[in-house]
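Morning, everyone. I have one structure to go through, so let me put the sequence and the model up first.

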Amino acid sequence: MHDRPRIYAGLLVFLGLITFPVWHNLRAGTSSKGPEPKLPVNAKQCVAPTSYMRTSHMDLLIAWRDQAVRSNNRSYAAFDGKTYNVSLTGTCLMQCHSAKADFCDRCHNYAGFTAYCWDCHVDPRQQVARSGR
Amino acid sequence: MIGRKTFLRLSGVSLLAVAGRKVIAALAGSPSTAASTVTRWAMVVDPVKCAKAAEGCTKCIDACHAAHNVPALTERRHEVKWIWEEPFDRAFPSQQTSYTEAVFHGKPLVVLCNHCNNPPCVRVCPTKATWRREDGLVMMDWHRCIGCRYCMAACPYGSRSFNWVDPRPNIRNLNADFPTRTKGVVEKCTFCEERLAKGRPPACVEACPEKALIFGNLEDPQSEVRSLLRSRYTMRRKPELGTQPEVFYII
Amino acid sequence: MFMFEKAVVGSRRYWIWVLCLFAVIGVGFLSYLRQLDTGLGITGLSRDVTWGLYIAQFTFFVGVAASAVMVVLPYYLHNYKAFGRITILGEFLAISAVTMCMLFIFVDMGQPRRVLNMLLYPSPNSVMFWDFISLGGYLALNVVIALVTLSAERKGVAPPGWIKPVIILSIPWAVSIHTVTAFLYNGLPGRHLWLTAILAPRFLASAFAAGPALLILLCMIVGRLMKSAPATEAIRALSLIVTYAMAINVFFILMEVFTAFYSQIPGHMEPFQYMFAGLEGRWALVPWMWTSGLLAVASLALLLVPAMRKNSKVLAVTCVMVFVSLWIDKGIGLIVGGFVPTPLGDITEYSPTWPEISITLAIWAVGCLMITVLYKIALSVRSDLAAPESQP
């Protein structure tokens with residue numbers, strides 16, 4: 001009987017905590033609109049079908065990584081017959097996604113994901129002051 | 001109609017037979033690829049030619065470290081080096097006496113990873129982040145290295161360096177064509193495998209003004225390294241350890 | 001099932017001790033965050049001395065963990081009844097020690113986020129892979145054994161039959177964890193202090209001296225705290241084990257010294273010269289090694305005299321001497337000494353930095369905390385069984 005105030009108070013605190021994501025985002029004015037990556041201008045065709053790239057580009061990168069480093073094979077035959085040189089900086093960045101901040105980073109920042117690839121691989125456009133972590 | 005027990009017994013025996021066959025096949029080993037290796041990279045160092053270079057010449061070291069974004073760290077205990085100079089008695093300990101010292105004085109030797117054919121560092125790596133490639137190179141995979149430094153303890157030549165701190169602030173001129181490493185991984189000379197993939201010699205070999213570093217394929221009887229080994233007396237560092245180093249020093 | 005509720009009830013003294021341990025852990029944790037940010041460069045390690053305090057502690061505590069076999073073997077294989085009450089203490093000590101070992105390896109890694117690579121890319125050619133497997137297995141074994149036997153004791157029944165083969169398995173497994181740890185070192189061609197077949201027997205001998213010595217001290221502390229009768233016969237038997245093991249260990253070290261100095265091979269002699277006399281003017285380890293040596297000889301002398309061994313006050317001091325001597329010898333001496341001189345003949349000295357020490361102390365505190373909690377559980381179970389009316 002006498003615990004009622006404590007119980008109600010506890011319930012209120014709990015509700016406040018559990019709805020934190022909602023009211024915090026409302027206050028910060030974050031919109032519900034998703035990331036809007038700007039498509040690259042100098043390359044029209046992805047190395048793999050666009051739907052695959054959207055879902056599984058990391059699988060492709062890991063396959064490229066193991067292929068280049070462990071199998072000494074730096075040539076990738078794409079689905080449309082074109083061959084690409086396997087290189088994160090040389091091909092991915094310089095050939096297609098040179099405007100990394102407008103494309104790659106838009107979705108990555110939205111999802112709160114930090115790629116630590118760039119701790120080692122060089123992004124020539126950026127001032128390389130210090131690795132991320 | 002077989003009973004349940006008989007069926008289970010038969011299945012068990014069949015499974016054992018299948019597994020047994022696979023085990024025997026695995027133990028018998030894959031068809032020997034070692035015998036059919038077409039390439040075996042090696043390097044010959046000519047200290048006499050090296051000594052002819054200008055006083056304090058470090059062109060091979062500078063070329064290597066520039067090409068591979070090797071950091072220049074001031075604290076000696078954190079230094080990272082892929083190729084460097086050592087006095088004779090450090091490169092070949094226990095060889096020098098006080099009587100023979102004068103001949104080697106002031107003529108350092110260039111030392112680097114020996115890319116051994118029987119490398120202890122490869123044997124101890126728990127993740128295969130370093131492995132011996134078919135063509136003789138002892139490779140590094142900086143994506144996989146966990147930084148345990150077991151390979152550094154295993155190397156009898158002190159060829160390996162560890163990134164104790166973030167290397168990037170200490171890289172003088174970043175080469176955008178080659179990645180850097182991150183802190184917490186081990187690195188060493190890779191015989192410029194990225195240049196070999198394009199048919200070019202290693203950076204140190206190309207940079208030497210006296211052509212004192214000779215690189216080539218031991219399996220090719222016409223190569224310069226083979227003819228040098230045939231015609232000159234050479235020695236390798238600590239061969240008694242069974243590591244079979246592939247860097248030869250002309251005596 | 002884990003009976004943790006026993007660990008959250010305790011006296012004022014208990015809670016002050018636990019809070020102190022948490023404070024030490026907290027400070028060390030902050031240092032570790034700094035190490036994650038800066039890299040292992042904040043330690044005293046260098047390109048020439050690549051393993052130091054962390055790996056030294058790992059090596060030493062694998063030995064302490066293996067020493068549980070010294071109580072399990074006599075009791076379960078030879079029915080030595082006196083050890084019946086302390087097998088659980090030995091097993092809990094093993095669990096705490098193995099956890100400390102794993103933590104020491106973890107903080108020593110350059111890329112700890114990639115630790116699972118050891119399981120994703122298993123490399124049976126690497127002794128470190130087998131060390132990982134054997135330590136993990138030993139931890140699992142001891143957790144299962146301790147849980148099952150303590151639960152059975154609490155319920156007042158005999159433990160289930162299937163636990164017996166598991167316990168028997170833990171005996172060779174204990175020997176194997178320390179043998180594998182020795183194999184980490186004694187298969188490396190370039191490190192002449194370590195390249196000796198006697199390293200694994202030496203590790204086992206020093207483990208079976210240091211571990212039971214610590215166990216004797218813990219039993220004495222437990223006896224004082226619980227105000228119960230000391231397990232005199234068990235402690236007597238353990239002290240005999242410490243005596244023999246310490247004698248064998250000292251003998252093995254003298255064997256090493258003979259081989260090094262009679263053969264006159266520089267590679268063999270130089271690490272000993274560095275550790276006991278200094279080399280090229282560098283002598284940082286010399287005071288440590290002589291302390292270890294003198295403590296070893298003095299403790300052995302005391303242990304060999306039955307009257308001294310049976311005197312619990314003298315035995316307590318002797319056990320501390322044994323523990324410290326072996327901690328220095330196996331930890332600092334062996335690991336750092338192995339890197340001096342370097343394969344190129346350089347002498348690079350090593351001394352740990354304060355962040356390194358605070359992380360090490362934090363892991364020690366984790367071990368102490370685990371022993372405190374686990375022993376509290378075991379002893380609470382026993383005291384509940386002994387005097388059920390005195391429960392609140």
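I will call two residues in contact if their C-beta atoms, placed from the backbone, lie within 7 Å. This is a predicted model, in which local features need pLDDT of at least 70 and side-chain atom pairs count only at pLDDT 80 or more, while totals for chains, interfaces and linings use all residues. Residues are numbered from 1 along each chain as its sequence is written, and chains are lettered from A and ligands numbered from 1 in the order in which they are written.

Chains to begin with. Chain A and chain C share no contact, and their closest C-alpha atoms are 6 Å apart. Of the 2 pairs of chains that touch, chains B and C have the most contacts. Between chains B and A, 14 residues of chain B are in contact with 14 residues of chain A.

Now, inside chain B. Helices (H or I, at least four residues) and strands (E, at least two) are DSSP runs, numbered from the N terminus. Strands pair if DSSP finds at least two bridges between them. Strand 1 of chain B, residues 41-45, pairs with strand 8 of chain B in the antiparallel sense, over 5 bridges. Opposite Met43(B) stands Phe215(B), in strand 8 of chain B.

Is strand 8 of chain B, residues 213-217, buried or exposed? A residue is buried if 20 or more other C-beta atoms lie within 10 Å of its own, exposed if 12 or fewer, and partly exposed in between, with C-beta atoms placed from the backbone. In strand 8 of chain B, 4 of the 5 residues are buried, so the strand is largely enclosed by the rest of the structure.

One residue in more detail: Glu79(B). Glu79(B) sits in the loop between helix 3 (59-67) and strand 2 (83-86) of chain B. Glu79(B) has 19 other C-beta atoms within 10 Å, so this residue is partly exposed. Leaving aside neighbours within four places in sequence, Glu79(B) is in contact with Leu73(B), Ser161(B) and Arg47(C). Glu79(B) and Arg168(B) are 89 residues apart in sequence and, C-alpha to C-alpha, 13 Å apart in space.

That is what I have.
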